[in-house]
Structures are given as structure tokens and as C-alpha cells.
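Good morning, and thank you for the time. Please look first at the sequence and the structure on the screen.

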Amino acid sequence: MAKPPTVTGTNGKRVGPRGRVYDSDALAQVRESMTALIAPHKPSQRLTGALSMEVRWCYPPRGRHRAGEPYALKPDIDNSCKLVLDCMQRLGFFADDRQVAELHVVQAFAEPSGLYVAVRELPNPNAQVEG
């Protein structure tokens with residue numbers, strides 16, 4: 001994703017006349033494109049157990065903001081991650097995003113810009129060791 005979206009799973013929600021919550025057109029479009037970009041990286045088997053994730057949102061430097069500078073603007077860092085987790089869950093990376101026990105998130109101005117995600121299964125300290 002060359003330029004991270006600024007629409008998130010929180011600010012892209014709308015409430016209809018009957019109180020039904022739905023995605024705005026902008027959020028639906030971002031969700032669709034993010035899903036398409038993440039899909040080719042789906043593991044052959046669903047990840048199980050506790051997971052560790054690293055998410056890096058790299059925004060293109062602009063104006064007075066230079067590469068390497070923290071991105072402390074909208075969207076909020078926690079709202080940005082919700083969309084990534086939702087897309088990965090829908091694609092079947094894992095059964096439920098509550099499996100994510102560790103989440104390291106960085107938002108910064110950087111080149112190349114984009115969204116970078118790494119996910120791994122955490123070792124189970126109670127697992128039996130064969131030997």
C-alpha cells in the first residue's frame with residue numbers, strides 16, 4: 001500500500017436513519033483495497049494460539065515533516081490498527097483478533113511510504129518438549 005489510508009474503522013462508520021451502523025463509502029473502498037493487498041500474503045494454514053504483530057504505518061514526508069519524524073496526526077494509531085486486524089481476520093490469517101497478545105505499532109513519516117505488517121505465533125511456554 002503505497003500511501004496509508006487516513007480513513008479508519010472508527011471514523012469511517014456512519015449511522016443510518018434506523019440506528020444501523022455501516023461503513024461509509026470511503027471506508028468500504030479502503031477496506032476493499034486493503035483486503036486485496038493483504039490477501040496474497042495469507043498463510044497456507046490459519047495461525048493459532050497467541051500472536052505477536054508489528055504494524056508500521058509509513059506516511060510520505062510532506063511540508064515541514066521529514067522522513068524519520070513520528071507521525072502524530074490523524075488518524076489515531078489505535079483506530080488505524082483495527083482495520084488491519086479486521087481485514088486479516090476476514091481473510092483467515094487467524095480465527096479472531098483477540099489472539100493478538102502483543103501489538104507493536106509505529107506511525108512515522110518515511111520513504112518508502114506504505115503499510116508493513118509482520119505477524120508470528122508466540123511460543124507456548126506450557127507446550128511439551130519432545131526429546
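This is a predicted model: local features need pLDDT of at least 70, side-chain atom pairs count only at pLDDT 80 or more; totals for chains, interfaces and linings use all residues.

Residues are numbered from 1 along each chain as its sequence is written, and side-chain values use heavy atoms, with hydrogens and water left out.

Let me begin with the sheet. Three strands form an open sheet in the order E4-E3-E5, with mixed pairing. Strands here are DSSP runs of E with at least two residues, helices are runs of H or I with at least four, and both are numbered from the N terminus. Two strands count as paired if DSSP finds at least two bridges between them. E4 and E5 (114-121) are the edge strands, each pairing on one side only. E3 and E5 run antiparallel to each other over 8 bridges; Cys-58 has Gly-114 in E5 as its bridge partner.

I turn to the interior. In soluble globular proteins, nonpolar side chains tend to be buried together. A nonpolar core is a set of buried Ala, Val, Leu, Ile, Met, Phe, Trp, Tyr and Cys residues joined through side-chain atoms within 4.5 Å, where buried means under 20% relative accessible area with a 1.4 Å probe, protein chains only. Which residues have the most contacts inside the largest core? They are Met-34, Ile-38, Trp-57 and Met-88, in a core of 23 residues. Helix H1 (25-38), strand E3 (51-59), helix H2 (77-91) and strand E4 (100-109) each give two or more residues to this core, and H2 gives the most, with 7.

Next, the largest pocket. A pocket is an open set of points on a 1 Å grid over the protein atoms alone, with protein on both sides within 12 Å along at least five of seven lines; lining residues have an atom within 4 Å of a point. Ten residues line the largest pocket, and Leu-37, Ile-38, His-41, Leu-115 and Val-117 lie nearest its centre. H1 and E5 each supply at least two residues of this lining.

Finally, most peptide bonds are trans. A cis peptide bond, however, joins Lys-74 and Pro-75, with omega about 10°; Pro-75 is in the loop between E3 and H2. Another cis bond joins Glu-111 and Pro-112, with omega about 0°, and Pro-112 is in the loop between E4 and E5.

Definitions and conventions: Buried means under 20% relative accessible area, exposed over 50%, partly exposed in between (1.4 Å probe, protein chains only). On a 1 Å grid over the protein atoms alone, a cavity is a set of points where a 1.4 Å probe fits but cannot get out, and a pocket is an open set with protein on both sides within 12 Å along at least five of seven lines; lining residues have an atom within 4 Å of a point.
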